[in-house]
Amino acid sequence: MNIQSFASFDDIKDDAVVEIYPPSSAFQATLGNFSTTYDIRWLCAHCQRTEITRLTDLSITPRGGAPLQAVKNGPGEWIVSASLHNLLTQNGVALRPLFKRSDYWSIVPQEFRFCEDIAPARWLDDACPGCEKQSLVRTEMIAGVTHRAERPLTVAKEQIEGIIWGRSPQAFQRFHASSKPRNEPGGPAPCNAWVFGDGIKSRMNIISVPLLKTLMDAGVHDLAFRPVNVI
């Protein structure tokens with residue numbers, strides 16, 4: 001996937017933020033300490049929704065030497081080469097060290113929420129009998145066939161004010177619900193219960209357009225991006 005997949009820079013140069021996509025899987029870093037890095041707790045007795053909190057530094061294996069990499073199977077985590085450390089911190093990006101590594105740093109995002117009720121995000125299935133929430137997916141129905149949505153999501157303006165690098169806590173994922181309770185809300189969930197799949201694909205990540213331009217000028221050209229509707 002190249003950087004022109006969804007838009008050119010001229011298309012978004014006057015926007016506030018854009019959504020970014022990770023490069024191909026060959027350039028995705030691998031997380032090595034998921035079960036010790038995160039605390040995972042059940043949110044609902046009937047479905048697989050969990051709350052995940054990062055406790056310790058990531059232990060990762062970078063791939064391909066790319067200066068900016070998504071962390072495979074991490075809940076929306078990204079790492080950046082140490083060569084970009086000063087540039088990013090000078091532009092307001094918060095960084096965190098990695099476990100026993102000095103060649104890459106972890107990006108600390110701000111959180112925001114996209115507008116759930118505006119297409120192409122849509123609700124799927126009946127509401128869970130426990131938390132009364134539905135699965136949120138990013139697809140479109142065209143002539144009775146479900147397609148992966150390519151249209152931009154919508155974010156409220158107040159959600160992105162001041163955001164340099166942001167990550168939505170919401171995930172696009174189908175959560176299978178049970179009619180009978182099977183989890184203890186607030187209780188620990190095993191790491192294999194984290195069902196968001198590949199977090200970098202199921203969560204929305206946005207960066208400011210000036211930061212994107214800064215990264216492009218610094219030689220980071222392996223990201224795809226598309227506009228974000230702001231209301």
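This is a predicted model: local features need pLDDT of at least 70, side-chain atom pairs count only at pLDDT 80 or more; totals for chains, interfaces and linings use all residues.

Reader: What is the bridge partner of Pro 97 in strand 9?

Author: Strand 8 pairs with strand 9, residues 101–108, in the antiparallel sense, and five bridges link them. Go along strand 9 and you'll find the bridge partner of Pro 97, Trp 105.

Reader: How many disulfides does the structure hold?

Author: A disulfide here needs two cysteine sulfur atoms within 2.5 Å. For Cys 44, the nearest cysteine sulfur belongs to Cys 128 and is 3.6 Å away, so Cys 44 is in no disulfide. Cys 47 is in none either, with the sulfur of Cys 44 nearest at 3.8 Å. For the structure, the count of disulfides is zero.

Reader: Is Cys 47 buried or exposed?

Author: To count as buried, a residue has to be under 20% relative accessible area. Cys 44 has 3% relative accessibility, so that one passes. Cys 47 has 0%, so Cys 47 also counts as buried.

Reader: Where is Ser 208, and which residues is Ser 208 in contact with, leaving aside neighbours within four places in sequence?

Author: Ser 208 sits in strand 16, which covers residues 205–208. With a relative accessibility of 9%, Ser 208 counts as buried. Leaving aside those neighbours, the contacts of Ser 208 are Ala 16, Val 17, Ile 163 and Ile 164.

Reader: Which residues of helix 6 are buried, and what follows helix 6?

Author: Helix 6 takes in residues 209–217, and its buried residues are Val 209, Leu 211, Leu 212, Thr 214, Leu 215 and Met 216. After helix 6 comes a residue with a positive phi, near 100°, and that is Gly 219.

Reader: Zooming out, how much of the protein counts as buried?

Author: The protein has six helices and 18 strands. It exposes about 11200 Å², with carbon and sulfur atoms supplying 49% of that area. Of the 231 residues, the share that counts as buried is 48%.

Note on methods: Residues are numbered from 1 along each chain as its sequence is written. Side-chain values use heavy atoms; hydrogens and water are left out. Helices (H or I, at least four residues) and strands (E, at least two) are DSSP runs, numbered from the N terminus. Buried means under 20% relative accessible area, exposed over 50%, partly exposed in between (1.4 Å probe, protein chains only). Accessible areas come from the Shrake-Rupley method with a 1.4 Å probe; for residues, only the protein chains shown count as cover. Two strands pair if DSSP finds at least two bridges between them. Contact means heavy atoms within 4.5 Å.
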